[in-house]
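Morning, everyone. I have one structure to walk through today. Please look at the screen.

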Amino acid sequence: MEQYAIKGGSALVGEVEIAGAKNAALGILAASIMTDETVVIENLPDVSDTNIMLQAMESIGVIVKHIDRHTVQINARNIHTEVVDGDYIRRIRASYYLIGALLGKYKNAEVKLPGGCNIGTRPIDQHLKGFKALGAKDAGINGGMIVAHADELKGTHIFLDMVTVGATINLMLASVMADGMTIIENAAKEPHVVDVANFLNCMGANVKGAGTDVIRIKGVERLHGTEYGIIPDQIEAGTFMFAAAVTKGDITVKNVIPKHLESISAKLLEIGCEIEESDDAVRVVASKKLEHTHVKTLPYPGFPTDMQPQITVALGLAEGTSIVTESIFENRFKYVDELSRMGANIKVEGSTAIIEGVQKYSGASITAPDLRAGAALVLAALAAEGYTLVDDIKYIERGYEDFDEKLRGLGAMIDKVDGEKDIQKFKLRVG
Ligand code: UD1
């Protein structure tokens, strides 16, 4: 089984190109099947989550042509079934966007229940409530499948009980071709929600207000083909920004939208890093000992839950006591046990982590429990003294394109290894 072998201790320095946003891509890929015309999507990240989504689309008859590594051409004219039940689909969370897309287009959808990271219970009641309100009265879970059928879809008023990215995107998809006006209140405002809305509008939809908490969708008869470039990945960028912080490095993330990174930049400033912003790049310089702070994860524009493990790793090395509160998912501190094996001093009480900064981490054999925590543990290993082996890197590869290669480009000593021989080779190489 592949692992990352890492020798920590060197400052990461240089520039790194950020890929397209995984979570926007997943919504946009689902949306692309809502027209019979050809759609071209650019800046698609080459990560396992998006590749599984493409595989699911192909399994129902969508023709996917790869133009180059980051550009696909999609044609959904010949979809032959509205049932998506391949076992692989359970590995990704966003498979549920196919419900919104198929329901919106064919008024009928059955998709295997999603998987994704095990970071909490992750119910889909708000998605189902919205589908029902739109006319899919029987929408629900049946035999491991999410099912939704409607005789007709009618615009309606939906008030989401909590801010949910998934339900906001899914209900935009289900309503773009409904009859009349749909209003989604308490909508998520994440950049990827806006990107999916922009993509739908490029296909001829009439979606207004994405990026605010009220989204108004006026149903249109049909959607048409388009060419569209996905926004850069806020979380990949944030992860590299924190790599600078934990290794006392100097990293410029390129091809980003600095506005989307504001809450991340603000926390880095607070803990003692210097930030330089330009049009499409952000430079993070960490030249002194990190300072403690308090942070609470919140929906956008708050500090993202997907950056919570990365900031915890940084605060584990900061002066004094820090507090991290997770307000989105109830089970997102599982990685703390692994981090403790590297010498961190962190106590978790419910949804709060109390962190006493330590002088250094030390290398250990650890396991990535999920995507973002896995990436955060790699950051810890890069800051640590000695060698670390990270297991279950398949989680990390779900959302980070060429993670090890990009880190090597910044001077990190990291290799993907498979077995003892590779590990010895790595140790010989890095000394
Ligand atoms: C998406 C992202 C994930 C990110 C999360 C929050 C994708 C593929 N995943 O996940 O990386 O961590 O947004 O930014 O885009 N909830 C309900 N009922 C529902 C839906 C959600 O109770 O029907 C709750 C969830 O349990 C959670 C909160 O609402 O506590 C937010 O979840 P949501 O924003 O929907 O997360 P995902 O879309 O699953």
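One definition before we start: contact means heavy atoms within 4.5 Å. With that in hand, take P232. Leaving aside residues up to four places away in sequence, P232 touches I18, A19, G20, A21, N43, N255, V256 and I257.

Now the ground rules. This is a predicted model: local features need pLDDT of at least 70, side-chain atom pairs count only at pLDDT 80 or more, and totals for chains, interfaces and linings use all residues. Residues are numbered from 1 along each chain as its sequence is written, and side-chain values use heavy atoms, with hydrogens and water left out.

Back to P232. Where is it in the chain? P232 is in the loop between β14 and α7 (234-247). Helices here are DSSP runs of H or I, at least four residues, and strands are runs of E, at least two, both numbered from the N terminus. Is P232 buried or exposed? Its relative accessibility is 10%, so P232 counts as buried. The cut-offs: buried is under 20% relative accessible area, exposed is over 50%, and partly exposed is in between, with a 1.4 Å probe and protein chains only.

Next, the domains. Their bounds come from an automatic or database domain assignment. Domain 1 is 3-19 + 232-430, and domain 2 is 22-229. Their centres, taken over C-alpha atoms, are 31 Å apart. How many residues of each are in contact with the other? The count is 24 residues of domain 1 and 23 residues of domain 2.

Now the whole chain. The protein chain has 14 helices and 24 strands. Its radius of gyration is 22 Å, close to the 22 Å that the globule rule gives for 431 residues, so the chain is as compact as a globular protein of that length. That radius is taken over C-alpha atoms, and the rule is 2.2 Å times the number of residues to the power 0.38. Along its principal axes, the C-alpha trace spans about 65 × 45 × 40 Å. Buried residues make up 58% of the 431. Of the contacts between residues at least 6 apart in sequence, 72% join residues at least 24 apart.

E221 is in the loop between β13 (214-218) and β14 (227-229). Its relative accessibility is 78%, so E221 counts as exposed.

Last, some backbone details. Which peptide bond is cis, with omega near 10°? That is the bond from Y300 to P301. P301 is in the loop between β18 (294-296) and α9 (308-315).

Then positive phi in residues other than glycine. Phi of K107 is near 65°. K107 is in the loop between α3 (97-106) and β7 (108-112), and at 30% relative accessibility it counts as partly exposed. Phi of D392 is near 60°, also positive in a residue other than glycine. D392 lies in the loop between β23 (387-391) and α12 (394-397). D392 is buried, with a relative accessible area of 17%.

That's my tour. Over to you.
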